[in-house]
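This report describes selected helix contacts and selected residues. Please keep the sequence and the structure in view while reading.

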There are 2 protein chains.
Amino acid sequence: MRKEILLSDIAIKGGFWAQKQQMCKEITIPSVYSQFLASGRIGAFDFSTPYPENRPPHIFWDSDVAKWMEGACYQLIKHPDHQLQGKVETLIDHIERYQAEDGYFNLYFQRVEPQKRYTHRSKHELYCAGHLMEAAVAYYELTGSTRFISIMEKYADLIDRVFRIEKSAAFLTPGHEEIELALFRMYYASKNEKYLRLALYFLEMRGNNEIDFAEQTENRAYNQSHLPVREQREAVGHAVRATYLYSAMADAAIVTGDEKLKTACIDLYRDITRRKMYVTGGLGSTPVGEAFTLPYDLPNRTAYAETCASVGMVFFCFWMMKLDPENAAEYADTIERELYNGILSGISLDGSKFFYENPLEFRVSDRYRNTSTTKRDRFPSIARSEIFSCSCCPPNICRLLPSVEKYIMTHDMDRSISIWQFADCEAKTSEWSVTMKTDFPVSGKVKITCQGVKRLSVRVPAWCRSYITDTPTREENRCLVFDNPETVSLNFDMPARLVSADPRNADCAGKAAVMRGPLVYCAEGIDNENKVFACTISRMPDFKEGSCAEFGIPTISANGYLRAEGDNPYPDLTDRGIRCRIHLIPYFAMENRGETDMVVWLPIGD
Amino acid sequence: MRKEILLSDIAIKGGFWAQKQQMCKEITIPSVYSQFLASGRIGAFDFSTPYPENRPPHIFWDSDVAKWMEGACYQLIKHPDHQLQGKVETLIDHIERYQAEDGYFNLYFQRVEPQKRYTHRSKHELYCAGHLMEAAVAYYELTGSTRFISIMEKYADLIDRVFRIEKSAAFLTPGHEEIELALFRMYYASKNEKYLRLALYFLEMRGNNEIDFAEQTENRAYNQSHLPVREQREAVGHAVRATYLYSAMADAAIVTGDEKLKTACIDLYRDITRRKMYVTGGLGSTPVGEAFTLPYDLPNRTAYAETCASVGMVFFCFWMMKLDPENAAEYADTIERELYNGILSGISLDGSKFFYENPLEFRVSDRYRNTSTTKRDRFPSIARSEIFSCSCCPPNICRLLPSVEKYIMTHDMDRSISIWQFADCEAKTSEWSVTMKTDFPVSGKVKITCQGVKRLSVRVPAWCRSYITDTPTREENRCLVFDNPETVSLNFDMPARLVSADPRNADCAGKAAVMRGPLVYCAEGIDNENKVFACTISRMPDFKEGSCAEFGIPTISANGYLRAEGDNPYPDLTDRGIRCRIHLIPYFAMENRGETDMVVWLPIGD
């Protein structure tokens with residue numbers, strides 16, 4: 001059975017992710033804390049100080065702060081910092097002090113509507129509890145102390161009693177899934193089966209009862225309550241809820257060996273990745289319900305593609321690797337797609353600002369469109385923000401970046417190591433060590449040095465058409481396998497390439513996107529004389545790679561055509577336009593240089 | 001000065017428009033009447049019968065019925081019909097009987113909120129009054145009787161007193177423009193300057209006062225009240241309101257010779273036609289406010305393109321022909337574009353159903369998209385309806401089709417005739433006669449026989465690249481001029497062609513549309529194996545014309561490529577797909593054979 005490698009046993013040492021983690025440490029984690037402080041989220045944990053009358057705690061706030069705490073703990077594992085740890089400890093102090101006698105803890109319901117506890121399925125109590133549990137597990141991983149986990153154990157016992165034993169709440173299962181996967185994390189950390197039992201109970205009851213719908217105004221599919229989980233085969237509803245639920249379903253299938261649940265997980269994964277995912281990994285194409293829509297309905301300009309949904313997809317894929325090991329390379333491909341595109345686009349290059357929505361096309365003019373009534377056409381925001389009123393995405397990035405090591409490799413009992421992602425890092429346990437040197441994704445060159453490793457397997461990325469290795473190897477399940485390896489050198493060829501979209505994806509008809517390795521590229525107005533929509537790209541692009549200086553990744557230029565503007569809005573079709581070079585940058589780096597048009601999918605011009 | 005030809009002096013005799021007029025007579029006018037009867041609109045004019053409690057008269061109802069009356073009158077000029085005329089007379093009887101002592105008439109305000117008269121700018125009182133005036137003028141054209149026009153004169157006198165003299169209403173100018181152009185029609189019919197004075201007053205005060213905004217919640221641009229009319233240079237706000245206003249502005253500039261107003265009209269026309277009009281003539285690209293947005297912001301799938309706005313554009317262009325005679329051919333081009341595309345698409349081929357919105361792309365799946373919350377993404381309806389709750393478009397078609405003769409030709413005092421549109425028709429006055437034989441737009445062959453005509457000018461359509469005539473001629477202002485003509489034979493070459501869009505129109509980037517003469521074509525799923533979004537069209541289309549049997553116009557087929565579906569949603573770009581023929585039908589005929597995907601702009605595949 002493949003096992004996760006503890007964050008204390010693996011560290012990124014250089015390259016692309018070291019830079020991102022340093023940015024996260026120096027800017028992101030402090031900045032999100034400052035924003036949460038200024039917005040009252042941090043102060044709300046101190047019940048002794050009255051909250052401002054016009055700004056009561058919001059039903060999401062526990063989860064926002066809990067995700068930040070979780071991220072801070074992961075970072076503290078590598079980078080001890082008394083001040084930062086003090087902030088975490090103070091928050092735990094408050095939780096401990098103000099936790100109700102019976103174990104309950106919730107900023108909104110304890111401080112604003114204490115009489116309404118567990119009366120509204122839509123009000124995120126169990127969601128907040130789940131995030132606090134995840135933070136408690138991270139704190140345990142950091143300190144080995146059960147202080148926080150004990151607080152949450154008391155809370156989990158209350159939830160177990162109210163929901164599973166007494167069934168005394170107004171609903172049976174969470175309106176926003178999250179606690180299920182958190183309970184699995186509590187179970188993995190403690191081995192205490194009571195968490196497993198409660199997680200399985202919530203999964204079992206979902207879509208299996210009428211009580212949950214007493215006050216739900218949305219369609220049942222909105223929070224994946226339309227069918228019992230084993231019968232769910234198509235990804236529906238709110239995309240973040242969906243990925244969190246599917247993660248927990250994968251956990252459950254791993255632990256219980258439930259084959260029907262496994263089949264459901266595989267079908268849901270395929271429905272998403274074959275039919276409902278943007279090329280950037282973005283999930284959930286409509287702002288209405290932040291939801292999945294129909295297969296292949298993936299408009300670029302209005303793409304919702306919430307950052308959190310991409311983070312949730314990483315969790316889902318990670319457990320799928322364990323649940324369905326023969327196809328692990330494919331799940332790792334999807335993790336890679338999310339990490340380098342749909343997640344990183346969610347944060348500015350300076351680490352301080354965030355996108356909630358990650359569309360694949362920006363028109364600056366959309367910001368100014370239609371002011372003739374008090375209503376406006378809804379388009380994604382064109383500029384990242386430091387915080388949102390519902391600020392789930394920033395702390396989700398805070399917890400993902402410092403824990404990105406989790407996704408690099410797994411190990412088996414028999415000193416068999418599997419490498420899934422490429423990053424300059426060192427992993428070391430009492431039995432074995434692996435050092436990976438690479439400038440990935442600048443190039444595909446990877447050098448791996450092993451000690452005590454019996455079997456090394458290295459994923460061949462789906463985007464890779466050819467590779468070179470100087471070490472004898474064989475391929476199994478899309479991985480290269482090396483027996484008793486010492487030093488392995490690999491070079492995954494990584495030329496820029498044009499990708500197309502399935503013809504059922506109508507919004508990409510006649511268009512191509514540029515990729516290089518796992519990275520999706522985009523063309524911005526600022527690099528293309530503010531004429532990205534006048535450009536078409538050539539099938540013979542003659543790609544040239546530019547400098548890595550600005551984005552840590554080479555820019556790319558390609559042959560294209562630039563069509564001329566004129567007085568006649570609909571002239572007869574004549575030539576293709578004049579030849580030009582189109583200048584592209586990594587998608588994740590978009591919208592970092594002021595408002596500018598941006599496009600991923602370029603019409604093909606020849 | 002070019003003059004309109006009276007509907008009594010010109011008649012369509014055969015061909016395309018004869019078929020449409022026959023459909024209108026046999027189906028559309030009776031069907032819209034039945035719908036208006038069933039919905040309570042007709043009954044509401046009889047104040048002696050209480051309206052159903054749950055269905056009081058709506059503030060639009062007078063205008064809906066008035067437009068139908070106007071259309072019925074135009075039709076009765078050619079096709080006397082006692083029963084139909086009886087319906088019109090009965091409605092006039094009711095208006096006469098229930099008109100208030102002081103001249104006021106309004107279904108909603110007299111029957112539902114009599115104390116609220118003239119208190120809400122947004123409630124369409126003057127708009128309804130204007131449509132009743134237009135109907136009265138049409139009735140006068142039909143009968144020569146001033147019965148209805150006298151009723152409306154009394155009403156106009158009241159409006160003049162309340163708005164212009166006493167200024168006792170809560171607002172100064174109409175919240176929905178329309179009465180201005182109606183007052184010009186009253187003026188043209190009666191030569192009584194009081195109508196002219198009031199029309200000019202309303203135009204003068206528009207955007208020139210603060211009183212109008214006491215209760216207006218929309219941006220002032222919504223109803224073109226943001227600037228004095230002479231200073232308006234860009235088309236903004238609600239598109240139907242805009243075209244009605246601009247028509248009246250053109251009327252005013254013609255009558256007064258106001259050069260500043262003329263310049264404003266020309267600039268507004270150019271802003272619309274160069275930057276804010278779909279290739280189909282559709283105007284107003286957003287449902288939010290049914291409004292114009294920014295230049296070149298013309299999304300196809302969500303195009304609003306209200307049928308009424310295209311009708312209004314015909315009015316505007318018609319007066320622009322008179323105001324700016326040197327460019328009359330261009331205005332006539334736009335009338336032609338509207339007539340054959342954006343207006344005709346608004347009615348089903350059987351004459352009984354209507355589109356309010358006329359998008360340039362339909363995806364059947366949009367109808368089923370996103371049911372995961374109680375809200376839905378908004379997409380245009382994919383099926384025409386017999387009536388709408390706000391049913392302005394159906395009666396606008398009722399009055400346009402039977403009066404399409406108005407746009408065919410104009411005449412000057414000196415027996416100089418100008419032909420602007422091509423239709424099989426006869427025009428005859430005491431001084432001259434013109435007979436046009438043509439199967440246009442099946443072909444571009446036109447034969448014109450004249451008697452008593454000193455000078456004949458015939459517009460060369462903008463789409464025409466070459467023509468043949470056997471008669472000596474010269475070209476002036478894009479028109480062929482024939483002196484003392486007897487018989488003129490013309491053949492405008494009308495091959496199918498590919499048109500492109502200006503590169504600033506981002507939604508058409510890399511795409512082409514098929515046109516033939518004035519007709520825009522579209523590809524429907526039903527003719528293309530339900531794979532229109534998988535098709536790209538070739539630059540070497542090898543167009544073939546098909547049968548006229550189904551739509552009265554030839555279908556067209558073109559070379560294209562069909563891309564293959566697969567498991568990988570984002571494969572590397574390889575071949576163009578397999579060669580195929582794309583089957584196209586006239587845009588106006590779309591969505592007449594059940595729900596099917598439809599697309600006007602096809603990606604270019606080579």
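## Helices H10 and H12 of chain B

In chain B, helix H10 (residues 259–275) packs against helix H12 (residues 328–343) at an angle of about 45°, and their axes are 12 Å apart. Helices (H or I, at least four residues) and strands (E, at least two) are DSSP runs, numbered from the N terminus. Axes are lines fitted to C-alpha atoms, for helices over the stretch in contact, and angles run from 0 to 180 degrees between N-to-C directions. H10(B) and H12(B) are therefore oblique to each other; angles under 35 degrees count as roughly parallel, over 145 as roughly antiparallel, 65 to 115 as roughly perpendicular and the rest as oblique. The crossing of H10(B) and H12(B) is left-handed, a term used if the near helix is turned anticlockwise from the far one by less than a right angle, whereas clockwise is right-handed.

On the side of H10(B), the contact is made by B:Ile266, B:Tyr269, B:Thr273 and B:Arg274, and on the side of H12(B) by B:Glu330, B:Tyr331 and B:Thr334. Contact means heavy atoms within 4.5 Å. Three nonpolar, two polar and two charged residues form the contact of H10(B) with H12(B). In this classification Ala, Val, Leu, Ile, Met, Phe, Trp, Tyr, Cys and Pro count as nonpolar, Asp, Glu, Lys and Arg as charged, and the others, Gly among them, as polar.

## Basis of the model

This is a predicted model, in which local features need pLDDT of at least 70 and side-chain atom pairs count only at pLDDT 80 or more, while totals for chains, interfaces and linings use all residues. Residues are numbered from 1 along each chain as its sequence is written, chains are lettered from A and ligands numbered from 1 in the order in which they are written, and side-chain values use heavy atoms, with hydrogens and water left out.

## Helix H2 of chain B and its two partners

Helix H1 (residues 15–38) and helix H2 (residues 61–78) of chain B have axes that come within 11 Å and cross at roughly 155°. H1(B) and H2(B) are therefore roughly antiparallel to each other, and their crossing is left-handed. H1(B) contributes B:Cys24, B:Lys25, B:Ile29, B:Val32, B:Tyr33 and B:Phe36 to the contact, while H2(B) contributes B:Asp64, B:Val65, B:Trp68, B:Gly71, B:Ala72 and B:Gln75. By class, the residues of this contact of H1(B) with H2(B) are eight nonpolar, two polar and two charged.

H2(B) also packs with helix H13 (residues 393–400) of chain B, at an angle of about 20° and with the axes 7 Å apart. That makes H2(B) roughly parallel to H13(B). The crossing of H2(B) and H13(B) is left-handed. From H2(B), B:Asp64, B:Lys67, B:Trp68, B:Glu70, B:Gly71 and B:Tyr74 meet B:Pro395, B:Asn396, B:Cys398 and B:Arg399 of H13(B). The contact of H2(B) with H13(B) has four nonpolar, two polar and four charged residues.

## Two buried aspartates of chain B

B:Asp271 is placed in helix H10 of chain B. With 5% relative accessibility, B:Asp271 counts as buried; buried means under 20% relative accessible area, exposed over 50%, partly exposed in between (1.4 Å probe, protein chains only). A polar contact of 2.7 Å joins the side chain of B:Asp271 to that of B:Arg275. The term denotes a pair of N or O atoms within 3.5 Å; within protein, one must be able to donate a hydrogen and the other to accept it, and residues adjacent in sequence count only if both atoms are side-chain atoms. A polar atom of the B:Asp271 side chain also lies 2.8 Å from the backbone nitrogen of B:Ala235.

B:Asp502 lies in the loop between strand S14 (496–499) and strand S15 (511–516) of chain B. B:Asp502 counts as buried, at 3% relative accessibility. Its side chain makes a polar contact of 2.8 Å with the side chain of B:Arg504. Not counting residues up to four places away in sequence, B:Asp502 touches A:Glu565, A:Gly566, A:Asn568, A:Pro569, A:Pro571 and B:Tyr296.

A:Glu426 lies in strand S6 (residues 424–428) of chain A and is partly exposed, with a relative accessible area of 39%. Leaving aside neighbours within four places in sequence, the contacts of A:Glu426 include A:Asp9, A:Ile10 and A:Val434.

A:Glu153 is in helix H6 (residues 147–165) of chain A and counts as partly exposed at 26% relative accessibility.
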